[in-house]
There are 2 protein chains.
Amino acid sequence: MDVHVRDLRYFAAVAEELSFTRAAERLHVSQPALSKQVRALERQLGHPLFERRARSVALTPQGAALLPAVRELIAGWTEAVRAARTAGPAESLAVGMQTAVGRDLQREVLGRFRERGWLISLRLVNWEDPTAGLAGGGVDAAFCWLPVPGVGAELTAKVLVREDRWVALPAGHRFAGRAEVDFAELLDEPFVALPRSAGPLREFWLGTAERGGREPVVGLEASSPEEVFEAVGAGLGVVLLAEGNARLYPRPDVVSVPVRGLAPCELALVWRADEGRRAVAEFAAAFREAPPAA
Amino acid sequence: MDVHVRDLRYFAAVAEELSFTRAAERLHVSQPALSKQVRALERQLGHPLFERRARSVALTPQGAALLPAVRELIAGWTEAVRAARTAGPAESLAVGMQTAVGRDLQREVLGRFRERGWLISLRLVNWEDPTAGLAGGGVDAAFCWLPVPGVGAELTAKVLVREDRWVALPAGHRFAGRAEVDFAELLDEPFVALPRSAGPLREFWLGTAERGGREPVVGLEASSPEEVFEAVGAGLGVVLLAEGNARLYPRPDVVSVPVRGLAPCELALVWRADEGRRAVAEFAAAFREAPPAA
DNA sequence: CTACAGCTATAACCGATAGCTATGGACGTC
DNA sequence: GACGTCCATAGCTATCGGTTATAGCTGTAG
């Protein structure tokens, strides 16, 4: 009875929300996709898991019987992954990053740990996962742009850099020559967005909070820096990015300009709050925290 | 860190066999498919699970750490599926079948149990799984053609019918008018075969044991009766089938003829040897066993 | 030392799957 | 009775898991 753990997560989410719509939101998938997958799971099991009634969804007896086992399986797998990783050679640490971090942040620290014989494996994860692998247990720590869902609860964050947000424009854009632009001027521009599964991060880089309720125009979605700059360079849209990243990715066909009227962005090192390994704590301690915002 | 339980089975199989080739055989998939899936799993985890050396495959420390957890997860899930099914209403039984069983075998018995208020859900499973869902815990009992892997060990079988094997031919075939043919005459015919994942069942219906080592010519593979008869009717090959099934599926473009020189085939009711539910025992007891072979 | 045999990895291809958007249909609510 | 909410269906596309064919490595036999 092979099953995809993803489908079990889906089932658990619906069981907890008792609503397909809300569960779909939580899972960052569309409601039909969720509906279909759950139906497929029911078909595979040979019995329904939910009773879909007028204004409510309820677990069937079979669903109720399955739920705890599903939770256990998911937790068990997550734990097993973590245990397997730490079974590797001596002091080894898996560190996730979403984009090139640069800024000489990690170079020195990583170098120092490598010299001491630690095995630091950097894992470039794409933007589908705003925790860069932390949530699923894939990494021990990650460089993330805030906001990261779970920080303050099961995750701890240490802000390393606080920067203004700039906008990347195609070289021929009418703002390309400006010394800076006001965010209000950009509201009608088509934006290049992160994938919807990136959750709050997508909203943050669309500047949703600063739009005063006006829907952003999403030109297209991109899930890697290359794709983003390709799209911007081709004139398909503009995109917000951190000042440091604007310098980190110089391209002839893209121009970056500071934006007024936006909260700054924060790059943080994130790790699990219940992390027990001394190595992780030591790694985190090796970074200097950015001074609090002005 | 979503994962497909199938991939965990694959990992466990390789870990047990310490050979991709043998594990692939055991899993009834091709060796490259297995290789690829395991590599993908390793990539997802971010560390290798096996050391591939000259003439041997060995678990890495991480692989060794993961193995017991994986075994446990698979066992736990299988058990959970079974528990969920039995959490359904009162006396309910999931029964698998691979083809229409017919022969008035189940009609009377199923009817009797239904009248007593039991909920018998028949599940038509395809030939990919020779245990018709028993192995994965998807059903409580199944009508299967022998041989079924596991019978005698974790599965118990009760032979219900023993029949001669016939051959289905396209209507225009040179043997179509015969009263019977000798299997030796069929050795060079292209055969319609079950999918390779059907395991020993595929061999049985190709008559491999009676070919004296000569490789069968497989015209094409089919995974449902409709496909098989479509293929035979179209002249793409011939196929062995049970005498009873030859009568069960009358088609104008297909002719069936008895075959000499083949062991008979056996249709059995199969259930788990460690089955604890009274309902299953009672269900099994309701069928008459076929007299032992002559 | 060359040829062969056994084993894993790669390539090219193909059908099934999981995702999306748009839309339909059922049922409370106002 | 119109509307809003929520789940299901339809139609489409990209990715994935499978296949066969073949390459590459390595120990063994002649």
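**The sheet of chain A**

Five strands of chain A form an open sheet with mixed pairing, in the order β4-β3-β5-β13-β6. Strands here are DSSP runs of E of at least two residues, numbered from the N terminus, and two strands pair if DSSP finds at least two bridges between them. At the edges lie β4 (119–124) and β6 (155–163) of chain A, each of which pairs on one side only. From one strand to the next, the twist averages 20°; axes are lines fitted to C-alpha atoms, and angles run from 0 to 180 degrees between N-to-C directions.

Strands β3 (residues 92–97) and β5 (residues 141–145) of chain A run parallel and are joined by three bridges. Within β5(A), A142(A) is the bridge partner of G96(A).

**Basis of the model**

The model is predicted: local features need pLDDT of at least 70 and side-chain atom pairs count only at pLDDT 80 or more, whereas totals for chains, interfaces and linings use all residues. Residues are numbered from 1 along each chain as its sequence is written, while chains are lettered from A and ligands numbered from 1 in the order in which they are written.

**Domains and nonpolar cores**

Chain A is divided into domain 1 (5–84), domain 2 (88–162 + 266–285) and domain 3 (165–263), with bounds from an automatic or database domain assignment. The centres of domain 2 and domain 3 of chain A, taken over C-alpha atoms, are separated by 26 Å. Their contact takes twelve residues from domain 2 of chain A and 14 residues from domain 3 of chain A; residues are in contact if their C-beta atoms, placed from the backbone, lie within 7 Å.

The largest nonpolar core has 55 residues; among those touching the most other members are A142(A), V167(A) and V270(A). A nonpolar core is a set of buried Ala, Val, Leu, Ile, Met, Phe, Trp, Tyr and Cys residues joined through C-beta atoms within 7 Å, buried meaning that 20 or more other C-beta atoms lie within 10 Å of a residue's own. Strand β13 (residues 265–272) of chain A gives the most to this core, with six residues. Domain 2 and domain 3 of chain A each supply at least three residues to this core.

Beyond its neighbours within four places in sequence, A142(A) has contacts that include V95(A), G96(A), L134(A) and V270(A). A second, separate core of 54 residues includes L93(B) and W271(B).

**Relation of the two chains**

Methods:
Buried ≥ 20, exposed ≤ 12 C-beta atoms within 10 Å, placed from the backbone. Helix = DSSP H or I, 4+ residues; strand = E, 2+ residues; numbered from the N terminus. Contact = placed C-beta atoms within 7 Å.
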